[in-house]
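Good morning, and thank you for coming.

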Amino acid sequence: MIKFPGDFKFGFSTVGTQHEMGTPGSEFTSDWYLWLHDPENIASGLVSGDLPEHGPGYWDLYKQDHSIARDLGLDAAWITIEWARIFPKPTFDVKVKVDEDGKGNITGVEVDEKAIEELRGLANLAALNHYREILSDWKARGGFLIINLFHWAMPTWLHDPIAVRKHGPDRAPSGWLDRRAVIEFAKFAAFIAHELGDLADMWYTMNEPGVVITEGYLYVKSGFPPGYLDLNSMNIAAKHLIEAHARAYDAIKAYSKKPIGLVYSFADYQPLTPNDEPAVEEARALDYSFLDAPVRGELMGAVRDDLKGRLDWIGVNYYTRAVLRRRQDTGRVAVSVVGGFGYSCEPGGVSGDKRPCSDFGWEIYPEGMYNVLMRLHERYRMPMYVTENGIADEHDRWRSWFLVSHLYQVHRAMQAGADIRGYFHWNLTDNLEWAAGYRMRFGLVYVDYSTKRRYLRPSALVMREIARQKAIPDYLEHYTNPPKLG
Ligand code: BGC
């Protein structure tokens with residue numbers, strides 16, 4: 001029996017674009033909503049054509065999902081509050097005190113009670129109240145609650161990705177390229193902390209800023225907004241996201257004393273040959289820059305006191321590894337990903353290492369979970385939560401192996417000293433997988449999108465055994481090492 005501590009959390013999560021819509025009146029507009037509806041994106045196959053309004057309908061069916069989660073023994077959830085739902089109209093005119101350092105950096109944003117009142121005048125109060133009902137329902141069932149403030153969707157008054165791609169960021173609402181996004185995000189964070197802070201056990205400001213910038217401005221075929229290839233834009237967006245985290249951290253702290261984290265997606269980078277080690281360092285440097293800033297204040301070779309000391313815990317999303325090769329040229333993007341491993345395998349196939357791969361073509365590589373957690377532990381020595389880990393596996397062939405093998409590696413890292421306090425499986429129910437749509441099914445629970453009915457997959461029962469006992473019992477230990485194939 002592999003035991004987790006009694007207060008270790010097992011959880012699930014929800015994101016507006018991915019889970020909320022699907023019942024009449026549950027829609028909300030955002031940059032992602034525009035992006036997924038764009039006829040050119042659909043015609044070119046950049047996005048699947050699956051629309052968020054056909055989703056699992058958590059907005060109205062939340063009680064059912066909470067009840068299933070509790071039956072499965074899950075005692076924690078991170079739930080996203082959608083910025084675009086709360087502020088469908090611009091908040092630019094709400095006056096706040098902004099400090100700047102003369103070098104273009106936003107070093108402070110103070111959202112006082114007067115500003116909160118003005119924000120309330122602009123907010124969609126029905127949506128705010130509805131979120132209160134959702135969160136309260138989860139809390140009433142004894143659930144631990146983490147509130148997430150940004151999971152990729154932005155209000156359209158701040159980001160019109162179609163216009164950015166067509167006309168350029170100077171002639172369109174440009175999202176994280178616009179420094180005002182830092183200020184507006186701080187307002188949103190303060191408002192939510194003020195209004196819903198009584199329900200939160202913890203917070204995090206944002207999910208995977210590294211994905212937002214790389215998929216948005218570099219890997220433009222990934223189907224992420226705004227699909228505008230420009231490395232300079234990528235760097236600007238990165239800087240603004242880092243500042244936005246710090247300013248939101250301060251804004252939340254003004255109204256809530258609860259711990260605040262940041263969630264990042266970590267692949268286990270590995271060099272193809274020893275000569276490729278610099279590519280690994282390059283890739284890790286980008287990841288670490290998002291944590292070095294809030295922990296140590298380091299950003300682009302300088303130390304900024306206004307960024308430093310603004311992280312209470314780290315959220316780790318882990319799915320697989322990435323095998324890297326160094327390119328001939330030098331510089332930040334001199335890295336190529338080697339096919340046949342990690343994220344770059346055949347859907348449903350077998351990796352170069354004979355490991356099974358998901359419907360998405362992601363290799364099952366549980367040891368990477370241990371490697372990532374240990375590297376973060378050694379570098380930052382902070383409390384960590386595994387905030388996402390899961391597999392697109394419609395027929396549930398591999399999910400039990402995936403779940404148990406990754407939890408086993410989490411436990412190994414804890415034995416080796418890492419301070420890991422919970423594991424959130426991605427995810428409880430099937431949901432909209434962004435550009436890839438509904439074909440990628442990550443749920444422990446299958447969703448029939450036409451009826452919205454939920455059906456447990458067998459792996460849900462494996463999750464239940466583990467979550468209820470807070471242990472991997474002996475009779476599940478055979479899942480700790482997924483088989484090699486072929
Ligand atoms: C994202 C989720 C997404 C999952 C699977 C993570 O990067 O935070 O929104 O569904 O990966 O692709």
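Predicted model: local features only at pLDDT ≥ 70, side-chain atom pairs only at ≥ 80, totals over all residues.

Residues are numbered from 1 along each chain as its sequence is written.

The protein chain has 15 helices and 19 strands; helices (H or I, at least four residues) and strands (E, at least two) are DSSP runs, numbered from the N terminus. Its radius of gyration is 21 Å, close to the 23 Å that the globule rule gives for 486 residues, so the chain is as compact as a globular protein of that length. That radius is taken over C-alpha atoms, and the rule is 2.2 Å times the number of residues to the power 0.38. Along its principal axes, the C-alpha trace spans about 60 × 55 × 50 Å. Of the 486 residues, 54% are buried. A residue is buried if 20 or more other C-beta atoms lie within 10 Å of its own, exposed if 12 or fewer, and partly exposed in between, with C-beta atoms placed from the backbone.

Let me turn to helix H7. Which residues of H7 are buried? They are Tyr 131, Ile 134, Leu 135 and Trp 138. These four cover an arc of only 90 degrees around the axis, which puts them on the same side of H7; the arc is that of the directions from the helix axis to the C-beta atoms. In general, an α-helix has 3.6 residues a turn, so residues three or four places apart point the same way. On the other side of H7, Leu 125, Ala 126, Asn 129, Glu 133 and Ala 140 are exposed. After H7 comes Gly 142, with a positive phi near 85 degrees.

Next, the ligand. Around the ligand are Val 15, Gln 18, Asn 207, Glu 208, Val 211, Ser 265, Asn 317, Glu 388, Trp 426 and Glu 433, each with its C-beta atom, placed from the backbone, within 6 Å of the molecule.

Finally, Val 337 lies in strand S14 (residues 335–337). Is Val 337 buried, exposed or partly exposed? Val 337 is partly exposed, with 18 other C-beta atoms within 10 Å. The C-alpha atoms of Val 337 and Ser 400, 63 residues apart along the chain, are separated by 28 Å.
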